[in-house]
Amino acid sequence: MDKKHIKYFKKLLGEENVFDDKAHCIAYAYDATRNRYEPDLVIFPRDEQDVSDVLKYCNEHKIILTPRGAGSGFTGGSLPANGGIVLAYEKHMNKILEIDMENMVAVVQPGVINMDLQKAVEEVGLFYPPDPASENYSTIGGNVSENAGGMRAAKYGITKDYVMALRLVIPNGEIIRAGKRTIKDVAGYNISGIIIASEGTLGCITEITLKLISKPTLSQSMMGVFPTVNDAMNAVYKTMAAGVTPVAMEFLDNLTIRAVEQKYNKGLPTDAGAILIATIDGNLDVELQKQLEILQTKFKENGCSDFKVAKDEKEEADLWFARKNASQCITTYGSKKLNEDITVPRNKLPDLLKAIDEVSQKYNVKVPCFGHTGDGNVHTNVMVDGSDEKQLEIGHQAIEEIFKATVALEGTLSGEHGIGLSKAPYMHLAFSDGEMELFRSIKKAFDPNNILNPNKMGL
C-alpha cells in the first residue's frame with residue numbers, strides 16, 4: 001500500500017488505531033478455515049463517522065477493504081484475500097448501546113460479543129436466542145454478516161429472525177438506515193434483509209437493533225438411542241409434526257459417537273446407529289410434561305431403544321457433552337476435516353443421510369455427521385489425510401457430490417456458516433446463471449468499484 005494512504009489514515013484516526021506492522025497483519029490474516037491472507041493495513045474505527053471517512057477514501061482511491069468481527073467463521077468470509085485494509089471492530093465499536101425493556105429490543109455495535117449480549121439481556125429477564133457454537137467470542141456484527149444459527153434455531157430461529165434494523169455505511173461513505181424499531185414496517189425495500197448474510201460485500205454495519213423475547217422459566221433435556229440413523233431422522237420430523245418444537249434437537253451418528261467415546265470414555269452406546277439429544281422449555285410444569293410425553297412416544301414409535309431424561313444440571317451437562325465435543329473428536333478419522341453445514345427440509349433428512357453414506361462408500365472416506373436436525377441442518381465432515389494431495393482431491397470430489405445431493409433434495413449449501421471463499425466454487429450448483437447475475441447486480445448497486453470484500457460468495 002502506498003505510504004501516503006497509511007499516512008492519511010493515521011492522521012484521520014490516530015496512530016494508535018492504524019497498523020501496518022507484521023504482527024498486526026499476521027494477527028488479522030486468519031479465520032477458522034486456517035487459511036492465511038495478510039492485509040496491508042489494520043484499522044480500528046472509533047465510531048460510525050470513522051467508518052464513513054475510511055470507506056469514502058477507499059472508494060475514491062480504489063483500496064480494497066474487508067470488515068471483520070472476531071474472525072471465527074468457517075468459510076473465509078472475513079479473510080482479506082486480496083490484501084488491502086481490514087476494518088476491525090472489536091477495539092472500540094463493541095458496546096451495548098441500549099436495552100429497551102418496553103419495546104423488548106437491544107441496540108448494539110457490531111463488535112459486541114454474542115454471549116455478552118445474552119448475559120446482559122438475561123439479567124433483566126429477557127432473552128436473545130441465537131447461540132452459534134462460537135457464542136463466547138463471535139460478534140453480533142459477524143453473526144449478522146453470516147446469518148449465524150445455533151442449537152436453539154429449531155424453536156427460536158436464527159439471526160435474521162431477530163434483526164429489526166441496521167445502520168451501515170456504503171462505499172461512497174453514505175450512512176444508511178435500514179429497517180425500524182417497529183414490529184411492522186412495509187415501507188420500501190427490505191434493505192436489512194439484503195445486508196444479512198452478505199458477508200461484508202455490500203456495506204459496513206455500524207449499529208444493529210435486535211428483537212428480544214421473554215426468557216422461559218423451565219427447561220428439560222433428554223436423550224434417545226436409535227438402532228439406525230434413519231430411525232433417528234424419522235423421529236425428528238415426526239416429533240415436530242406431532243406438535244412439539246424442542247429448543248434444540250441434535251444428533252450424532254455412529255462414527256461420531258465412537259469418536260467421542262474413544263477420546264472421553266463417557267459410556268456412550270457405541271453400537272447405536274445414532275443418538276438424539278433434545279431440550280424443551282416452557283413456563284408451566286404441566287406444559288413441559290406434555291412435551292416430554294409426546295417426545296418419548298414418538299421416539300419409541302421410531303425405534304428408540306433407550307430414553308433418558310436429565311434429572312439435574314449435572315445429568316443435563318452429561319447428556320450434552322458428546323454433542324458439544326463432537327467436532328474436536330472426529331479428527332481421529334483424519335488430520336483434515338472438510339466440514340460443511342448443508343441443510344434440507346426436515347422430512348428429507350433420512351434421504352440426505354442415505355446419500356451421504358453412499359458418497360462415503362463410493363470414495364472410501366469416513367464422513368461422520370452430527371448437527372441441528374431440529375432445523376434440518378447437518379454438519380458433514382469428510383475426513384482425509386491433509387498431507388496427501390490425492391486424498392484432498394478425493395475429499396473435495398466427495399463434498400461436491402454431497403452438495404449435489406443436498407440441492408436435489410431442495411436443500412441449501414449452507415445453513416449457518418455462509419459461502420465466503422470455501423463454498424464459492426459450488427454456487428453454480430444451487431443458483432442459475434440468471435440468479436448469480438442478479439446477485440452481481442445487487443453488489444454493483446451498493447459497491448460499483450468492488451472495494452468491499454471482493455470475490456467472495458462466488459461473485
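Reader: Which residues make up the aromatic cluster with Y8?

Author: Y8, F9 and Y57 form one aromatic cluster. Bear in mind that the model is predicted.

Reader: How many aromatic pairs does the structure hold?

Author: Twelve aromatic pairs. One of them joins Y8 and Y57, and this pair is stacked. The ring centres are 4.0 Å apart, with 10 degrees between the planes.

Reader: Where do Y8 and Y57 sit in the chain?

Author: Y8 is in helix 1, residues 3-13. Y57 is in helix 3, residues 48-61. They are 49 residues apart, so the pair links distant parts of the chain.

Reader: And Y57, buried or exposed?

Author: Buried, with a relative accessible area of 10%. Y8 counts as partly exposed, at 32% relative accessibility.

Reader: What about F19 and F44, stacked or edge-to-face?

Author: Edge-to-face, because the planes stand at 75 degrees. The ring centres are 6.0 Å apart. F19 lies in strand 1, residues 18-19. F44 lies in the loop between strand 2 (41-43) and helix 3. The pair ties together parts that are 25 residues apart in sequence.

Reader: Which of those two is buried?

Author: F44 is buried, with a relative accessible area of 5%. F19 is partly exposed, at 21%.

Reader: What lies over the face of F44?

Author: K91, at 5.2 Å from the ring centre. Elsewhere, K266 lies over the face of F321, at 4.4 Å from the ring centre.

Reader: Where is E199 found?

Author: In the loop between helix 7 (191-195) and strand 10 (204-211). E199 counts as buried, at 4% relative accessibility.

Reader: What about the phi of N453?

Author: Phi of N453 is near 45 degrees, again a positive value in a residue other than glycine. N453 is found in the segment after helix 16 (433-446). At 1% relative accessibility, N453 counts as buried.

Reader: How far is G200 from L65?

Author: They are 9.3 Å apart in space, C-alpha to C-alpha. In sequence they are 135 residues apart.

Reader: Now the core. Which members of the largest nonpolar core touch the most others?

Author: L276, F299, L352 and V382, out of 50 residues. Helix 13, residues 349-363, gives the most to this core, with six residues.

Reader: What does L276 touch?

Author: Among its contacts are M222, M223, F226, V236, M249, F251 and F299. The list also includes E250 and T373. Residues up to four places away in sequence are not counted.

Reader: Strands next. What does strand 17 pair with?

Author: Strand 17 (residues 369-372) pairs with strand 13 (residues 248-253) in the antiparallel sense, over two bridges. L252 stands opposite F370 there. Strand 17 also pairs with strand 18 (residues 377-384), antiparallel, over four bridges. In that pairing C369 stands opposite T380.

Reader: How many residues lie between the strands in the hairpin of strand 17 and strand 18?

Author: Four. In this hairpin G376 takes a positive phi near 80 degrees.

Reader: Zooming out. How many helices and strands in the protein chain?

Author: 16 helices and 18 strands. The radius of gyration is 23 Å, close to the 23 Å that the globule rule gives for 459 residues, so the chain is as compact as a globular protein of that length. Along its principal axes the C-alpha trace spans about 70 × 60 × 40 Å.

Reader: And what share of the residues counts as buried?

Author: 54% of the 459 residues. Among contacts between residues at least 6 apart in sequence, 72% join residues at least 24 apart.

Key: Residues numbered from 1 in each chain as written. Predicted model: local features only at pLDDT ≥ 70, side-chain atom pairs only at ≥ 80, totals over all residues. Heavy atoms only, no water. Core = buried A, V, L, I, M, F, W, Y, C linked by side-chain atoms within 4.5 Å. Buried < 20%, exposed > 50% of the residue type's maximum accessible area, 1.4 Å probe, protein only. Contact = heavy atoms within 4.5 Å. Pairing = 2+ DSSP bridges. Phe/Tyr/Trp six-rings, centres within 6.5 Å; stacked < 30°, edge-to-face > 60°. Lys NZ or Arg CZ within 6 Å of the ring centre and 35° of its normal. Rg over C-alpha atoms; globule rule 2.2 N^0.38 Å.
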